[in-house]
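Student: I've got the structure up on my screen and a few things I'd like to ask. Can we go through it together?

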Amino acid sequence: MHKLANSCAIVGMGRTICKKGDPDKKSPLQLIAEAAAIAMKEAGIKRSQVGALFTARTPRAYMTLQFNQSLLNELKLAPMFSSEITAHGAGALGAIELAVSLLDSGLIDYALCATGEASPLWIEMVEGSANWEADLQFEAPYGPTTPSIYALFAQRYMHEYGIPPEQMAKVAVENRLWALDHPHAAMRKKGPITVDDVLSSKMIASPLRLLDCAPWFPGGIASAAVITRADVARSTCEKPTYIAGFGQSSLHEWIGERMGLTGIEPAMHAPNLLRTGASVAAKQAYQMAGVSPKDVDIAETSAPFTFANLLMLEEFGFCGVGEGGSFVASGGVDYNGGLPFNTTGGYLSFGQSGQGLYLLKEVVDQIHGRAEGRPVPNVKLGLVHGHGGPLACHSVMLVSGEPVQ
Amino acid sequence: MSNEMGTGKAMDWSRGVVLRAGEKSLGLYQPSPETTGYWQGVDRHELLLKECRDCAALHHPRRIVCSECQSTNLAWKRASGEGVVYTFSEVHRTAGAFGVSVPYVVGIVRLAEGVHLFSRIIPTATRKVAIDVPVSVDFRVLEEGYLLPVFVVREN
Ligand SMILES: [Zn+2]
């Protein structure tokens, strides 16, 4: 167990949502500032106590330089550290991970980490455009779309491990069942789906069909967390959530060039697309916490396509390399009886809202028995994953209701 | 249109197509000093890679620093233009100018030299794109009006 295990705890979280069609349309700054205020109130801290303000990637609908400074101004903070932590969608959890290191050093007593997106409210989301993650000179002129970039991973994954489309589809079916129970899930009212529904939905970018792809969350979500040292948390907070372990690993988003990377994990022996930083980050997290995958009671991943869920289950160590398909097919993540996995409905059925800490909030809420959707009994240890770029940057965090032993 | 690096004039490999700012960032979309040689090669219908003059490692045409030995002594080296498909996807839904061509195939080609390139992969009347299928480079003007190296499936 690493010395940072259990060293810090989450003592306040806030989350705000604005859906398409809501009468008061909110900007990302509004949503994030409100989430931050809720988190600070829940933590019972004053502005003057915030020693670090970290925001993740600037919201696409609020493109300003140094978004952290916009939030700092709004909340009238004057912290020792103020910064954007950007590693695509991994930056949100990454901000908390850096905060833990600072808190443990004693330089600061409280960190506020806040992030959000509201693109669908404000931006015409160009269908299929990959210009945010493709190399504009060596990739974009060939016409890649975001699904087609992920499809390149999927095609290779199916080829190398003999994964049939039915096994990929199964994870969409199980995710949907969780979404039906969640009040904010994008697909809550769409009813259950079958493997055949996925396999007969229209082709988007082979081998990925419509129901293999995550929809955008129809609106904006912001979330914020206040973190402090465990000793402070114990004396000030009734139900702290301990940060048991974490890890992070970043590669570049341009996949053509990623194939030029070798000699370093996760491509130690040869360039490849199928081993990602998620395995590196998960291993770091387990080692820090002194636990193993079998100790995990609930897992939330930011995988936006069916196959990526299978791959992440491998990367997190819930099954062996190449076994993601058979693990899911044999009930590994079944809504009834499997590992509670993507309990909001996941990106596939809750909807994707860029980066966020709302998956972390789901795990925190489940640990303390206050989930918004279907409750999972007896959650002691939860795993949450944030990633961005096409499977480029990954953060994995383990959290628990009591310090892990 | 040829490159005029060194003359102080901007190179235009876009053949008169207006480069868009915003969705496509102008700065990155145009060749930068370390890649202009690549696009000059494309003009001559030659596929170029970067070669490290110190350790002979071959790299993606973008490289400025050799990842094997940290040398900055990199020079252009003509590739054989032969390779195999590492992975691919047939795009059915797309945006902008590419709509006229759906379905089309994008993918990653592993060149005989070991370097991987993102590209368009073009099937033949009798042979579809698949992983490990051999391909050869060709040069075509694609939907947005740029002359680009693409890879065509080999029959044999
Ligand atoms: Zn070298």
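Student: How many salt bridges does the rule find across the interface of chain B and chain A?
Tutor: Keep in mind that this is a predicted model. One of the bridges pairs the side chains of Arg63(B) and Glu257(A), at 2.3 Å from N to O. Across the whole interface of chain B and chain A, the rule's count of salt bridges is three.

Student: And which element gives the most to the side of chain B that touches chain A?
Tutor: Several elements of chain B supply at least two residues each: helix H1 (26-29), helix H2 (36-43), strand S4 (82-91), strand S5 (104-111), strand S6 (116-122) and strand S8 (147-153). By class, that side of chain B has 21 nonpolar, 12 polar and nine charged residues. The top contributor, with six residues, is S4(B).

Student: What area is buried between chain B and chain A?
Tutor: Start with the residues: 42 of chain B are in contact with 36 of chain A. There are also 16 residue pairs in polar contact between the two chains, counting pairs with both residues at pLDDT 80 or more. Carbon and sulfur atoms give 60% of the buried area, which comes to about 3,600 Å².

Student: Now the metal. What is the arrangement of the four donor atoms around the zinc ion?
Tutor: The protein donors are the SG atoms of Cys52(B), Cys55(B), Cys66(B) and Cys69(B), lying 2.3 to 2.4 Å from the zinc ion. In sequence, these donor residues are spaced C-x2-C-x10-C-x2-C. Because the donor atoms subtend angles of 101 to 117 degrees, the arrangement is tetrahedral.

Student: How many residues apart are Asp104(A) and Lys3(A)?
Tutor: Their side chains meet in a salt bridge, 2.8 Å from N to O. Asp104(A) sits in helix H3 (residues 91-105) of chain A, while Lys3(A) is in the segment before strand S1 (8-19) of chain A. The pair links distant parts of the chain, and the separation is 101 residues.

Student: Last one: what is phi of Leu391(A) near?
Tutor: Most residues other than glycine have a negative phi. Leu391(A) lies in the loop between strand S10 (381-388) and strand S11 (393-400) of chain A. Here phi is positive in a residue other than glycine, with a value near 55 degrees.

Terms used
Residues are numbered from 1 along each chain as its sequence is written. Chains are lettered from A and ligands numbered from 1 in the order in which they are written. This is a predicted model: local features need pLDDT of at least 70, side-chain atom pairs count only at pLDDT 80 or more; totals for chains, interfaces and linings use all residues. Side-chain values use heavy atoms; hydrogens and water are left out. Contact means heavy atoms within 4.5 Å. Buried area is the accessible area (1.4 Å probe) that two parts lose on being put together, summed over both. A salt bridge is a side-chain nitrogen of Lys or Arg within 4 Å of a carboxyl oxygen of Asp or Glu. A polar contact is a pair of N or O atoms within 3.5 Å; within protein, one must be able to donate a hydrogen and the other to accept it, and residues adjacent in sequence count only if both atoms are side-chain atoms. Helices (H or I, at least four residues) and strands (E, at least two) are DSSP runs, numbered from the N terminus. Ala, Val, Leu, Ile, Met, Phe, Trp, Tyr, Cys and Pro count as nonpolar, Asp, Glu, Lys and Arg as charged, and the others, Gly among them, as polar. Donors are N, O and S atoms within 2.8 Å of the metal (3.2 Å for Na, K and Ca); water is not among the atoms, so sites may look incomplete. Four donors count as tetrahedral if all angles lie between 85 and 135 degrees; four count as square planar and six as octahedral if opposite donors are over 155 degrees apart and all others between 65 and 115; anything else is irregular.
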